[in-house]
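A short report is enough.

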Amino acid sequence: MIERLHTSNRMSKIVKHNGVAYLCGQVGAGDSVAEQTADCLSRVDELLTEAGSDREHILQAVIWLANMADFVEMNAVWDAWVPQGHAPARACGEARLARDVLKVEIIVTAAIKD
C-alpha cells in the first residue's frame with residue numbers, strides 16, 4: 001500500500017511505502033545558508049515525526065546548494081543536527097533552485113519506526 005500525505009496536483013509532502021517515508025524537498029527561510037539550512041531541517045523534523053520516523057532513521061539525504069561555496073557553512077548546521085552514529089547515505093551538489101533567494105534544498109528518505 002502507498003500512503004500519500006499533503007497531496008496536491010503536483011506533489012505529496014510525504015509518501016509512505018513498505019516501511020519507508022519519502023519526503024519532498026524542503027527549503028527554509030533566512031538570509032544565510034546557515035539560517036536556511038536550520039529552518040529547512042526543522043521542517044524535515046516535523047515531516048519525519050508526522051511520517052512516524054525521526055533523525056535516527058534517515059536512510060538517505062540529497063542536498064542541493066545554489067552555490068558550493070556555501071558547503072562548509074551548510075555542513076556546520078547539518079553536522080550539529082545529525083545524531084552521532086546515525087549519519088545517512090548522502091549526496092550534495094550544486095543546482096539552480098526554484099527561486100533566486102533559495103540557497104539550499106534537502107530531500108530525505110527515512111525508515112518508519114516500528
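The report below covers the sheet, the helices and the salt bridges of a predicted model.

## The sheet

Six strands form an open sheet in the order β1-β2-β3-β6-β4-β5, and their pairing is mixed. At the edges are β1 (2-7) and β5 (89-94), each of which pairs on one side only. On average, neighbouring strands of the sheet are turned by 10° against each other, direction ignored.

β1 and β2 run antiparallel and are joined by five bridges. A hairpin of four residues links β1 to β2, and Arg4 stands opposite Val15 in β2. β2 and β3 are also antiparallel, with four bridges between them; here Lys16 stands opposite Ala21 in β3. The hairpin of β2 and β3 has two residues between the strands, and Asn18 in this hairpin takes a positive phi near 50°. On to the next pair: β3 (residues 20-23) and β6 (residues 104-111) pair in the antiparallel sense over three bridges. Ala21 has Ala110 as its bridge partner in β6.

## The helices and a surface patch

Helix α1 (residues 33-51) lies across β1, β2 (12-17), β3, β4 (58-65) and β6, and runs at about 25° to β6.

Met68, Phe71 and Val72 form a nonpolar patch on the surface, with about 260 Å² of accessible area together. Val72 belongs to helix α2 (residues 71-81). Val72 counts as exposed because its relative accessible area is 66%, and the cut-off for exposed is over 50%.

## The salt bridges

The whole structure holds four salt bridges. One of them joins the side chains of Arg43 and Asp39, at 2.8 Å from N to O. Both residues lie in helix α1, four residues apart, which is about one turn of the helix. Arg43 is partly exposed at 34% relative accessible area, and Asp39 is partly exposed at 24%.

Another salt bridge is formed by Arg55 and Asp45, whose closest N and O atoms are 2.7 Å apart. Arg55 is in the loop between α1 and β4 and Asp45 is in helix α1, so this pair ties together parts that are ten residues apart in sequence. Asp54 forms a salt bridge with Lys113, with the closest N and O atoms 3.4 Å apart. Asp54 lies in the loop between α1 and β4, while Lys113 lies in the segment after β6, so the pair ties together parts that are 59 residues apart in sequence. Asp54 is partly exposed, with a relative accessible area of 23%, and Lys113 is partly exposed at 41% relative accessibility.

Definitions and conventions:
Residues numbered from 1 in each chain as written. Predicted model: local features only at pLDDT ≥ 70, side-chain atom pairs only at ≥ 80, totals over all residues. Heavy atoms only, no water. Pairing = 2+ DSSP bridges. Axes fitted to C-alpha atoms, helices over the stretch in contact; angles between N-to-C directions. Contact = heavy atoms within 4.5 Å. Patch = residues over 30% accessible without salt bridge, like charges linked within 9 Å, V, L, I, M, F, W, Y side chains within 5 Å. Areas by Shrake-Rupley, 256 points an atom, 1.4 Å probe, with all protein chains shown as cover. Buried < 20%, exposed > 50% of the residue type's maximum accessible area, 1.4 Å probe, protein only.
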